[in-house]
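Hi,

Here is the structure I said I'd pass along.

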Amino acid sequence: MPPTANVSDADARPPHTATSRDAAYDAAAERTRVLIVDDEPGIRRPLSMFLESQGCHVRDAEDVTTALAHFDRGLWDVVITDIAMPGKDGIELLREVKSRDPDVEVIMITGYLDVQYAIKALKMGAFDYFQKPFEFDRILVALQRVAERRLLRREAREADRLRIEQGVMAKAVLETTLGFARAVEERDRCNIGHGQRTATLAAILGTELGFDAEHVQKLREAALLHDVGKIAIDDAILNKPGRLTDEEFATIRRHAEIGDYMLSPVSFLGDIRKAVRHHHERWDGKGYPDGLAGTDIPLDARILTIADYFDSITSMRPYRQPMTVDQAESTMRADAGAFDPELLEIFLRKVRSVLAPT
Ligand SMILES: [Fe+2]
Ligand SMILES: [Fe+2]
């Protein structure tokens with residue numbers, strides 16, 4: 001008489017869910033859980049004893065129905081199953097187990113005549129198969145491979161989880177920072193909408209340069225944030241109607257550095273920070289804060305410089321009328337040392353076709 005398979009209290013756990021499996025990995029990190037299914041006690045019992053002696057947590061069952069009862073009440077890493085059994089066969093068990101928990105590995109045990117079924121089982125997702133009679137040591141090697149695969153899967157899952165978490169966090173931080181930048185802009189009353197318009201102009205140039213969607217989005221974000229450092233500038237200077245003194249101008253110039261400093265705790269804003277820091281550099285090296293020249297100035301910053309300047313001179317100010325596109329074009333060309341000449345030409349051509357088509 002084959003021994004009756006028991007569903008012990010130790011196995012009485014809720015059915016498989018992603019959460020319960022992960023918890024089980026923590027609880028039984030190094031202990032492989034094996035469910036052995038074979039109607040022949042002469043294989044099932046010795047194999048169970050052998051694997052238990054090797055430190056595995058083992059349950060066995062004489063048929064598929066009993067095996068599924070075990071399976072639904074426990075957490076398993078591996079199912080080792082015979083193929084030909086009275087009632088439902090091992091192929092059916094494989095299908096059931098994989099539909100309930102795709103992470104569980106299934107090893108098939110085959111008789112001499114079952115090899116074609118074993119191959120079918122491999123195609124259905126079985127991990128491996130062994131033909132009777134087989135050395136138990138070979139099962140141990142297979143379990144080692146299962147453990148390695150399980151570890152890789154756990155690491156991949158953890159990496160995915162972290163990636164998703166970081167993505168969510170990055171989005172939240174970015175949205176908060178952008179909200180902050182909008183609040184800063186509200187203070188600079190002559191300049192409402194400047195960030196948004198600069199973002200649109202920078203995106204037009206970035207797209208014209210062939211940037212992919214992700215790069216254009218980064219450029220937009222940099223443009224929205226480029227003047228965030230103005231938070232540290234006194235309202236009286238920021239909203240002064242009329243010309244600034246040299247001292248006031250020096251104070252206002254600090255906004256580029258301050259913006260960079262403000263964004264420094266947020267590591268994923270690296271490229272955006274650079275664009276923010278350098279959006280007042282000049283092609284001829286006479287800009288600020290670092291006096292970079294030519295292509296030493298990051299490309300996104302050179303784009304922002306053009307978009308920022310164009311928007312500033314074409315927007316209304318209390319002390320002057322906005323320039324037309326023609327006037328802006330000649331003003332920017334006259335100050336050629338300020339801008340990357342190649343980018344400026346591309347920008348002006350594109351902006352003319354968008355804003356002032358002939
Ligand atoms: Fe600025
Ligand atoms: Fe600006």
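This is a predicted model: local features need pLDDT of at least 70, side-chain atom pairs count only at pLDDT 80 or more; totals for chains, interfaces and linings use all residues.

Residues are numbered from 1 along each chain as its sequence is written, while chains are lettered from A and ligands numbered from 1 in the order in which they are written. Helices (H or I, at least four residues) and strands (E, at least two) are DSSP runs, numbered from the N terminus.

Let's start with β1, residues 33-37. Four of its five residues are buried, so the strand is largely enclosed by the rest of the structure. Buried here means 20 or more other C-beta atoms within 10 Å of the residue's own, with C-beta atoms placed from the backbone. β1 pairs with β2 (57-61) in the parallel sense over five bridges, and V37 stands opposite A61 in β2. (Strands pair if DSSP finds at least two bridges between them.) β1 also runs parallel to β3 (78-82), joined by four bridges, with V34 opposite V78 in β3.

Next, α13 (299-314) and its two partners. It packs against α7 (194-208) at about 130°, with the axes 8 Å apart; axes are lines fitted to C-alpha atoms over the stretch in contact, and angles run from 0 to 180 degrees between N-to-C directions. The two are therefore oblique to each other, i.e. not under 35 degrees (roughly parallel), over 145 (roughly antiparallel) or 65 to 115 (roughly perpendicular). Residues of α7 that meet α13 include H194, R197 and L201, and those of α13 include I303, L304 and F310. Contact means C-beta atoms, placed from the backbone, within 7 Å.

With α14 (325-334), the axes of α13 come within 10 Å and cross at roughly 130°. That makes α13 oblique to α14 as well. Here Y309, F310, I313 and T314 in α13 meet A328, T331 and M332 in α14.

Finally, α11 (255-263) is mostly covered, with seven of its nine residues buried. Among them are H255, I258, D260 and M262. The cover includes α8 (213-225), α10 (246-253) and α12 (270-277).

Cheers

Key
A residue is buried if 20 or more other C-beta atoms lie within 10 Å of its own, exposed if 12 or fewer, and partly exposed in between; C-beta atoms are placed from the backbone. Two residues are in contact if their C-beta atoms, placed from the backbone, lie within 7 Å.
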